[in-house]
Amino acid sequence: MNRESVINKRKSIKNRNEIPHNIFVKTNIFYKEKGLLKFIIYSSVIKEYTSYTLFPNGLNLFIYDQKTNKYTYLKADWVKSINKIFYHIKGNIIIMSYTGYFLKTDEIFWDRKKKKIFNKKYTTIISNSDGTVLHAINGIDASEDLKKIRLKKISGILPIK
């Protein structure tokens with residue numbers, strides 16, 4: 001076997017590992033834990049691999065809070081889910097929380113186990129209740145429901161009443 005055929009064989013094996021096990025088109029997923037609805041996902045394409053799930057065309061996600069009977073909405077252009085616990089989310093991200101906050105950024109990470117979201121990217125947060133507009137230049141750390149938010153290097157507009 002010559003060197004070129006060995007290289008081609010290695011590429012073939014590597015590419016075989018990257019083939020999704022399942023591909024779903026125009027899919028709605030209703031996720032429940034202990035019989036209670038936790039979230040709903042809509043995505044035009046979902047690709048399941050061995051160790052992760054890819055939403056190459058993005059998704060619309062509704063996260064329900066059973067206590068308040070309200071939801072938080074997330075929309076993004078691309079999402080990678082690792083073991084359904086850690087999410088890497090990119091592209092035109094919009095998050096609208098039931099607590100009255102609107103968040104916009106280009107990249108964010110969501111750790112479901114720790115129940116927090118974070119990034120090191122420029123992020124805009126708007127409060128619907130009082131019109132506050134804040135710009136986190138170096139990113140954010142927040143609880144997944146946006147009740148606790150820490151902004152890094154901020155500027156913005158605060159209404160004075």
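The lining of the second largest cavity consists, by class, of nine nonpolar, no polar and no charged residues, where Ala, Val, Leu, Ile, Met, Phe, Trp, Tyr, Cys and Pro count as nonpolar, Asp, Glu, Lys and Arg as charged, and the others, Gly among them, as polar. The model is predicted, so that local features need pLDDT of at least 70 and side-chain atom pairs count only at pLDDT 80 or more, while totals for chains, interfaces and linings use all residues. Residues are numbered from 1 along each chain as its sequence is written, and side-chain values use heavy atoms, with hydrogens and water left out.

A cavity is a set of points, on a 1 Å grid over the protein atoms alone, where a 1.4 Å probe fits but cannot get out, and lining residues have an atom within 4 Å of a point; points are joined across faces, edges and corners, and a volume is the space filled by probe spheres set on them. The structure holds two cavities of 30 Å³ or more. The largest has a volume of about 80 Å³, and I89, W110 and E144 are among its lining residues.

Strands are DSSP runs (E, at least two residues) numbered from the N terminus, and two strands pair if DSSP finds at least two bridges between them. Strand β7 (residues 86-96) is joined to the antiparallel strand β8 (residues 101-111) by nine bridges, with Y87 opposite W110. Strand β8 also pairs in the antiparallel sense with β10 (residues 123-127) over five bridges, L103 having I125 as its bridge partner.

Key
Helix = DSSP H or I, 4+ residues; strand = E, 2+ residues; numbered from the N terminus. 1 Å grid on protein atoms, 1.4 Å probe; cavity = no way out; pocket = protein on both sides within 12 Å on 5 of 7 lines; lining within 4 Å.
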